Amino acid sequence: MSATSGRAIRTGPELTADLERLGLPRGGLVMFHSSLRSIGAVDGGASTVVDALLAAVGPAGTLVAPTFTGQYHDPGFVFDPAETPVTTGAIPNHLFRRPEARRTVHIVQTVAAIGPLRDTIIDAGGDDGWDAQPSMRAIFDLDGWFLLLGVPYQNLTAGHFMEQEIGSHRRPRAVEGLQRLSDGRVVPLRSEAWGPDPSFPGMPERSYDFNRLGEGLEQRGLVKRGAVGNAVARLFRARDLERTVREMFAADPELFFISDGQVTPLQYGVTWAIPEGRHAGAELCVVDPAGVYRGRAE
């Protein structure tokens, strides 16, 4: 790992250089999962990281981020695509609020995108809110990439998508809610969410192990690994993920679940659990735990 660790304050150009060194494809389509804390102290915070990602993929590249909502269980919740904050971290929260970004209309599993393929991704499922999974399917169909920036494979939303594609144990359900339109009107919103099939043995209590399929990718030499600031970054093609998952699932139908009582440990970098606070127990992938940013992530 060649990037600096410790307590240095990173700048946007330094992060862009790290991403380019990692091999982020210029002009490519990249969906990322991220942790600002893992990167360390950043001059300008999450907005600087978004700038660095955009600079690395260039004007012909497209960035996609999960912008899931956690408030949909709240009484009276109204989803506002332009304003409802996300539960997937500070970096996606800054990306979707940019004027050049668009966000899917979905009560739970929204994504946001910036770049030339933005509308292709966002409109993949139509305008009725049944669009989160078709947007994910488009990442695969368009030969996109996934970037894990300071988080383990456990955070990989595409893992759940592959469960759905294989048809192993996830089933669709309709979610009814409300949406605020740009003119202020509130209208009904019907979305589709995919969750565990209650009739599948052990569900919904079974715990997932997407690290196992990630290690399978790495053992096949299909993952570019390196440091972005203090974060361990992993970059891989969607088509390689799909092919590997299908190979591994054919050999082991229990691929997605924990075996032997624990999640598969990752061999590259340091996996470190946040010890306290609102995110206690969440795992980060870092060069040095001492370099994790301990202030408020913004």
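How many of the residues of strand β6 (residues 145-149) are buried? The count is 5 of 5, so the strand is mostly covered, where buried means under 20% relative accessible area with a 1.4 Å probe and protein chains only.

This is a predicted model, in which local features need pLDDT of at least 70, side-chain atom pairs count only at pLDDT 80 or more, and totals for chains, interfaces and linings use all residues. Residues are numbered from 1 along each chain as its sequence is written, and side-chain values use heavy atoms, without hydrogens and water.

View 1. Strands are DSSP runs of E, at least two residues, and helices are runs of H or I, at least four, numbered from the N terminus.

**View 2. The strand partners of β6.** Strands pair if DSSP finds at least two bridges between them. β1 (residues 29-34) runs parallel to β6, joined by 5 bridges. Here F32 has L147 as its bridge partner. β10 (residues 231-237) runs antiparallel to β6, also through 5 bridges. R234 of β10 stands opposite L148.

**View 3. The lining of the largest pocket.** 41 residues line this pocket. T87, T88, G89, N155 and H279 lie nearest its centre. A pocket is an open set of points on a 1 Å grid over the protein atoms alone, where a 1.4 Å probe fits, with protein on both sides within 12 Å along at least five of seven lines; lining residues have an atom within 4 Å of a point. α4 (90-96) gives the largest share, 4 residues.

Technical notes
Buried means under 20% relative accessible area, exposed over 50%, partly exposed in between (1.4 Å probe, protein chains only).
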